[in-house]
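Here is a short report on one protein model.

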Amino acid sequence: MIVPPSGKTALVLSSGGLFGAYQAGVWSYLSETSFRPDVVVGASVGALNGWAIAGGCHHGQLSERWLDKAQTNVLIRRAKTGLRAGFFEREPLQRLASAIFRDYRASSNFGLVTVELPFLRSRLFTGAAVTATHLLASASIPVAMPTVFIDGRRFTDGGLLEDVPLWAAAEMGATKIIAVDAMHFDCPWWYRATVRPMGWLAPRISAAVRACTTLIRPSKPLGHYSEALDWDRSRIQRWIERGYEDALRTMKGVIYNSVPTT
């Protein structure tokens with residue numbers, strides 16, 4: 001039985017497009033246990049899930065949202081595509097970000113990561129500084145969607161430089177972390193050659209914090225990368241179930257008894 005040292009405990013949620021349904025399955029398990037995070041951090045789709053979780057979303061609600069096509073089928077291809085306009089319509093994702101922001105009110109324990117352009121710099125926004133526009137920016141897939149302007153600056157997907165932003169949780173005072181990485185899929189060569197190397201630009205965290213991190217990730221790839229862009233109810237259900245099963249397997253013997261701060 002593993003009992004981590006005292007201090008703030010964080011739940012960190014990765015990027016992943018529609019693979020974010022996996023995180024809903026993980027939360028279904030975690031919310032049934034004694035685990036209550038002091039800090040919730042998300043990047044990209046993890047920011048959307050994280051806002052709901054930090055706002056008190058119970059284990060069933062998040063899964064129900066993911067299974068509702070009207071809410072989560074947001075990757076609609078544009079009739080006319082291009083590098084400036086993107087390849088997916090912005091409005092469906094914008095509606096989802098606004099709905100989640102409206103339905104839940106996360107307290108000061110929430111943080112999201114987005115990447116500022118053209119500097120390729122990860123930025124952390126927390127608490128009252130977060131708006132629906134920040135949620136939209138963090139989840140806007142690079143190139144596939146237009147960048148988002150906040151206070152005159154351009155932002156894009158929070159997972160561009162790093163799938164799981166452990167550094168952000170450490171910056172918010174967490175000394176122990178449960179991280180959920182939904183970015184385990186069959187990826188093409190161009191993704192490995194162009195996107196993965198950008199991790200060198202991501203902020204670093206201390207070895208001590210990394211040592212106190214429990215990582216929950218799929219035991220095998222969730223599918224082909226293209227499946228994260230194409231909504232299908234049977235796949236969403238399968239990913240939710242996989243998340244629950246992997247959380248159950250990974251968290252066996254790990255105790256995190258944190259109570260949310262206010």
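Of the 262 residues in the protein, 55% are buried. Buried means under 20% relative accessible area, exposed means over 50%, and partly exposed lies in between (1.4 Å probe, protein chains only). The model is predicted: local features need pLDDT of at least 70, side-chain atom pairs count only at pLDDT 80 or more, and totals for chains, interfaces and linings use all residues. Residues are numbered from 1 along each chain as its sequence is written, and side-chain values use heavy atoms, leaving out hydrogens and water.

The protein holds ten helices and ten strands. These are DSSP runs, numbered from the N terminus: helices are H or I with at least four residues, strands are E with at least two. The accessible surface is about 11,800 Å², and 56% of it belongs to carbon and sulfur atoms. Accessible areas come from the Shrake-Rupley method with a 1.4 Å probe; for residues, only the protein chains shown count as cover. A contact means heavy atoms within 4.5 Å.

**Paired strands**

Several strands run side by side. Two strands pair if DSSP finds at least two bridges between them.

| Strands | Sense | Bridges |
|---|---|---|
| Strand 1 (residues 8-13) and strand 9 | parallel | six bridges |
| Strand 9 and strand 10 (residues 213-216) | parallel | four bridges |
| Strand 1 and strand 2 | parallel | four bridges |
| Strand 2 and strand 5 (residues 110-117) | parallel | four bridges |

Strand 9 covers residues 174-180. Six of its seven residues are buried, so strand 9 is largely enclosed by the rest of the structure. Specific partners can be picked out. L13 has V180 of strand 9 as its bridge partner.

Which residues lie on each face of strand 2? V39, V41 and A43 are on one side, V40 and G42 on the other, and all are buried. V41 of strand 2 stands opposite V12. From strand 1 the chain crosses through helix 1 (residues 21-30) to strand 2, making a right-handed β-α-β crossover. Right-handed means that, with the strands pointing away from the viewer, the path from the first strand over the helix to the second runs clockwise.

**The crossover helix**

How many residues of helix 1 are buried? Ten of its ten residues are. Among them are Y22, W27 and Y29. What do these buried residues pack against? The buried residues of helix 1 pack against strand 1, strand 9 and strand 10, along with helix 2 (45-54), helix 3 (59-67) and helix 10 (233-251).

A cis peptide bond joins L117 and P118, with omega about 5°. P118 sits in the loop between strand 5 and strand 6 (121-126).

S44 is not a glycine, yet its phi is positive, about 60°. S44 lies in the loop between strand 2 and helix 2. Its relative accessibility is 4%, so S44 counts as buried.

D151 also has a positive phi, near 50°, in a residue other than glycine. D151 belongs to the loop between strand 7 (148-150) and strand 8 (153-156). Is D151 buried or exposed? D151 is exposed, because its relative accessible area is 79%.
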